[in-house]
Amino acid sequence: MMKISSNLLASTILGIGLIASAATVHADARSDQYPASPITLVVPFSAGGGVDVVGRILAKSLSTELGASIVVENKPGASGMIGASYVAHAKPDGLTLLLASSGEVAINPHLYKDMNYSPEKDLAPISLVSRIPNLLSVNPQLPIKNVGELVAYAKAHPDTLSYSSSGVGNIQNITGELLNSMAGIHILHVPYKGSAQAVADVAGGQVSMTFASGAASLPFIESGKIRPIGVTSDKPMKAFPDVPPIKDTPELKDFLLVNWFGLFTTAGTPDSIVQKLNAATVKALANPEVVKALESQGADPAPMSPQAFADFRADQSKLFGQIIRDAHIAIK
């Protein structure tokens, strides 16, 4: 057996230590220099929708915290997957961020067999940004002022009502099918590419009702063009204290489903940069002006660590998968 001298062993250990130290210094240097150029925040839905509004609120504060310009870029389509895929395949330098809804990172894997990205493998979680209950709103020309009346009307007028969503298989679609299943009714699903037009067509009378975030619904509610009758959370939203939970309706007492938005970047981005982005996001979401702006849009700030967010996403994916299977939701 070959013997290794103590001097050689000591030199080897020292060399390994120097390499590890150099790697740490290099990572720290990259973090210190980040961001050296403008950041792109991809919103995978059209402008004016809930994700877009929250994204622009976050981008403004995050830009201040990071000392860098942040450009919000809308890349709608394919239930959020076009934008998510763009970030998943970007350069892993932390300069391309994704503000995702639950759909493209927790729901779609249960609906699509040929996704060209994996939320677990191709996206690095930074932080949960907010939890967003959806409002159930109807066209005000309908004789429906609460969820109980909606259920009764749907049963008395089968196949006459419709609801819009931001796309096939997203959380609004899942919410609508959960309502159909639990109430024993059939309201036709009409998918759009984003919340803005989905809500606008309810206001215009082309669709009977919609499930949408407070951010997307607020302008139409204020103008009286849609009527909110329920919220998908277990308590009223701060921005809409007079709108009761859907679960307050006796036949829907177990109804509960809340959307959420989270911040990601491309997998492979150095952990030091991910941690820097997380710290900046946590500070941004603690800003009283940001909190007020988000809550006015029906979004509750909910920052967490990258690991906690990774665990949260995985747990939510399991939950949505179960609902999808139980409600027999499928992409045709």
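How many residues does the largest nonpolar core have, and which of them have the most contacts inside it? Let's find out, keeping in mind that this is a predicted model.

**Stop 1: the cores.** Select Leu-136, Leu-150, Leu-179 and Met-209. These are the residues with the most contacts inside the largest nonpolar core, which has 49 residues. Now click on Leu-179 and show what surrounds it. Leaving aside residues up to four places away in sequence, Leu-179 touches Leu-136, Leu-150, Gly-184, Ile-185, Met-209, Phe-211, Leu-252 and Phe-255. There's also a second, separate core, with 31 residues, and Val-43, Ile-57, Leu-58 and Ala-299 are among them. As background, nonpolar side chains in soluble globular proteins tend to be buried together.

**Stop 2: helix 2 meets helix 10.** Next, select residues 50–66 for helix 2 and 271–286 for helix 10. Their axes are 9 Å apart, and the helices pack at an angle of about 120 degrees. Angles from 65 to 115 degrees count as roughly perpendicular and those over 145 as roughly antiparallel, so helix 2 is oblique to helix 10. The crossing is right-handed. To see the contact, pick Leu-58, Ser-61, Leu-62, Glu-65 and Leu-66 on helix 2, then Lys-276, Leu-277, Ala-280, Thr-281, Lys-283, Ala-284 and Leu-285 on helix 10. Colour them by class and you'll get seven nonpolar, two polar and three charged residues.

**Stop 3: helix 10 meets helix 11.** Zoom in on Ala-284, Leu-285 and Ala-286 of helix 10, which meet Pro-288, Val-290, Val-291 and Leu-294 of helix 11. What classes of residue make up this contact? Seven are nonpolar, with no polar and no charged residues.

Stop 4: Most residues other than glycine have a negative phi, and most peptide bonds are trans. Go to Tyr-34 and Pro-35: a cis peptide bond joins them, with omega at about -5 degrees. Pro-35 sits in the loop between helix 1 (6–33) and strand 1 (39–43).

Then jump to the loop between strand 2 (70–74) and helix 3 (81–88), where you'll find Ala-78. Ala-78 isn't a glycine, yet its phi is positive, about 55 degrees. Ser-79 lies in the loop between strand 2 and helix 3 too, and its phi is also positive, near 55 degrees. Are these residues buried or exposed? Ala-78 counts as partly exposed because its relative accessibility is 43%, while Ser-79 is buried, with a relative accessible area of 10%.

Key
Residues are numbered from 1 along each chain as its sequence is written. This is a predicted model: local features need pLDDT of at least 70, side-chain atom pairs count only at pLDDT 80 or more; totals for chains, interfaces and linings use all residues. Side-chain values use heavy atoms; hydrogens and water are left out. Axes are lines fitted to C-alpha atoms, for helices over the stretch in contact, and angles run from 0 to 180 degrees between N-to-C directions. Helices (H or I, at least four residues) and strands (E, at least two) are DSSP runs, numbered from the N terminus. Angles under 35 degrees count as roughly parallel, over 145 as roughly antiparallel, 65 to 115 as roughly perpendicular and the rest as oblique. A crossing is left-handed if the near helix is turned anticlockwise from the far one by less than a right angle, and right-handed if clockwise. Contact means heavy atoms within 4.5 Å. Ala, Val, Leu, Ile, Met, Phe, Trp, Tyr, Cys and Pro count as nonpolar, Asp, Glu, Lys and Arg as charged, and the others, Gly among them, as polar. A nonpolar core is a set of buried Ala, Val, Leu, Ile, Met, Phe, Trp, Tyr and Cys residues joined through side-chain atoms within 4.5 Å. Buried means under 20% relative accessible area, exposed over 50%, partly exposed in between (1.4 Å probe, protein chains only).
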